[in-house]
Amino acid sequence: MSVSEGPAARLQALFEGHRLTPTQRRIAHSMVRRAADVPFLSSVELAELAGVSQPSVTRFAVALGFDGYPALRRHLREVAPVESAAASRPFNAYQQAVEAEISNLRHLAEALADDGPVRRAGRLLAASRPLPVLGLRAAASQAYGFSYFAAKVHPDVRLLDEGGSMLRDRIDAVVRAGASALLCFALPRHPREVVEALGYAKGVGLTVVTVADSAFAPVAKVSDLMLPAAVGTGLAFDTACAPMLLGRVLLEAMCDDLPEAQAWLEEFDAGAAARGLFVE
C-alpha cells in the first residue's frame, strides 16, 4: 500500500525492492512501528525493540546498501526531520497503549492517502460469489466483524474462522461454488496454518486479499494484495484498532462496487423497525 510522506512512508520506501530475511523483516516491521524514534535509536536499542541480536541489525543495514548501522541512522536523520513531539506530560502504561494506537491510526490515515489498493480490494471482494473471509485465533474476531456487516450487502459471505483439517475442504467448497477471491485477516502471532491455507487458496485459483499487521508479515508471500495496519503491543495482549478500522474501510470500498448495497441496507432497516429488533 503506498503511503504519503510521513516517517513510516519513508521507511517503507527504503525497504522496498530489497529481499529481506524473516529476521530482517522483523527489524523493518519494528522500525515502521516506531518510525519517529528510529533515527535516534542505537543498534543495541533497535535490536532490543525487534527482539533480535545486535549483529542482525548491522547485517540488516548492510542488506539495505549502507556501510553499517551508523550510516543507516545518519541517512534516516537526514531524510526524516524531527516531528513535533506530543505533550511532555508523563503517561501511565494504559495511556501509553492508547497513544500508541492513536499513532497507528495516524499511520493508517497516511497510507489511505493512496486509496487505489483499497478500491482494488473492494472490487475483487464485491465480485467474488461466494466471498470467503478467513481469520484464525487472534484474527477471528476481525473476520467475524467484517463478515457480520458484509452479509448485509453481499449475497453470499462465508466465514472461515476455524482451522484444522476441514479448512482446505471449506476452501475447496467455495471454489466449487464460484468464489474468485478470499479475504484474510492475519494478526500476530501468525498461525502456521493460515500461511499454509493462503498458499493453498492461491494454488486453487483464488485471489488473496490480506489485512495484516505489517507489509512484512509472514502472510505477505502468499497474498496477492496486502493491506497493512499496525497493531499495538504495549499491553499484555495486542490491540488491533487499526486493522479493525481498515476492515470497515474495506467494507465501504466493497459497497461502492455493489449497486444493490444501499437498497439492501434500507430493506434491512425497514424490516428491523417492523420487528422491533433494536431498542431506540
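**Domain interface and local backbone features**

Phe 268 lies in helix α12, residues 261-275. Helices here are DSSP runs of H or I with at least four residues, and strands are runs of E with at least two; both are numbered from the N terminus. The model is predicted: local features need pLDDT of at least 70, side-chain atom pairs count only at pLDDT 80 or more, and totals for chains, interfaces and linings use all residues. Residues are numbered from 1 along each chain as its sequence is written, and side-chain values use heavy atoms, with hydrogens and water left out.

Phe 268 is partly exposed, at a relative accessible area of 27%. On this scale, buried means under 20%, exposed means over 50%, and partly exposed falls in between (1.4 Å probe, protein chains only). With neighbours within four places in sequence set aside, Phe 268 is in contact with Lys 152, Leu 277 and Phe 278. Contact means heavy atoms within 4.5 Å. Phe 268 and Val 153 are separated by 115 residues in sequence, yet their C-alpha atoms are 9.7 Å apart in space.

The protein is divided into domain 1 (7-79) and domain 2 (110-275). These bounds come from an automatic or database domain assignment. The C-alpha centres of the two domains lie 30 Å apart. At the interface, ten residues of domain 1 are in contact with eight residues of domain 2. The two domains bury about 670 Å² between them, 58% of it on carbon and sulfur atoms. Buried area is the accessible area (1.4 Å probe) that two parts lose on being put together, summed over both. In domain 1, Arg 25, His 29 and Arg 33 lose the most area to domain 2; together they account for 63% of what that side buries.

One residue pair is in polar contact between domain 1 and domain 2, both residues at pLDDT 80 or more. A polar contact is a pair of N or O atoms within 3.5 Å; within protein, one must be able to donate a hydrogen and the other to accept it, and residues adjacent in sequence count only if both atoms are side-chain atoms. On the side of domain 1 that touches domain 2, α1 (7-15) and α2 (22-33) each supply at least two residues. The largest share of that side, five residues, comes from α2.

Most residues other than glycine have a negative phi, and most peptide bonds are trans. Arg 129 and Pro 130 are joined by a cis peptide bond, with omega about 5°. Pro 130 sits in the loop between α7 and β1. A cis peptide bond also joins Pro 188 and Arg 189, with omega about -10°. Arg 189 is found in the loop between β3 (181-186) and α10 (192-203). Arg 137 is not a glycine, but has a positive phi of about 50°. Arg 137 lies in the loop between β1 and α8 (140-150) and is exposed, at a relative accessible area of 69%.

Ser 128 is placed in the loop between α7 (116-127) and β1 (131-134). Ser 128 is buried, with a relative accessible area of 0%. A polar atom of the Ser 128 side chain lies 3.0 Å from the backbone nitrogen of Ser 180. Beyond neighbours within four places in sequence, Ser 128 is in contact with His 154, Ala 179, Ser 180 and Ala 181.
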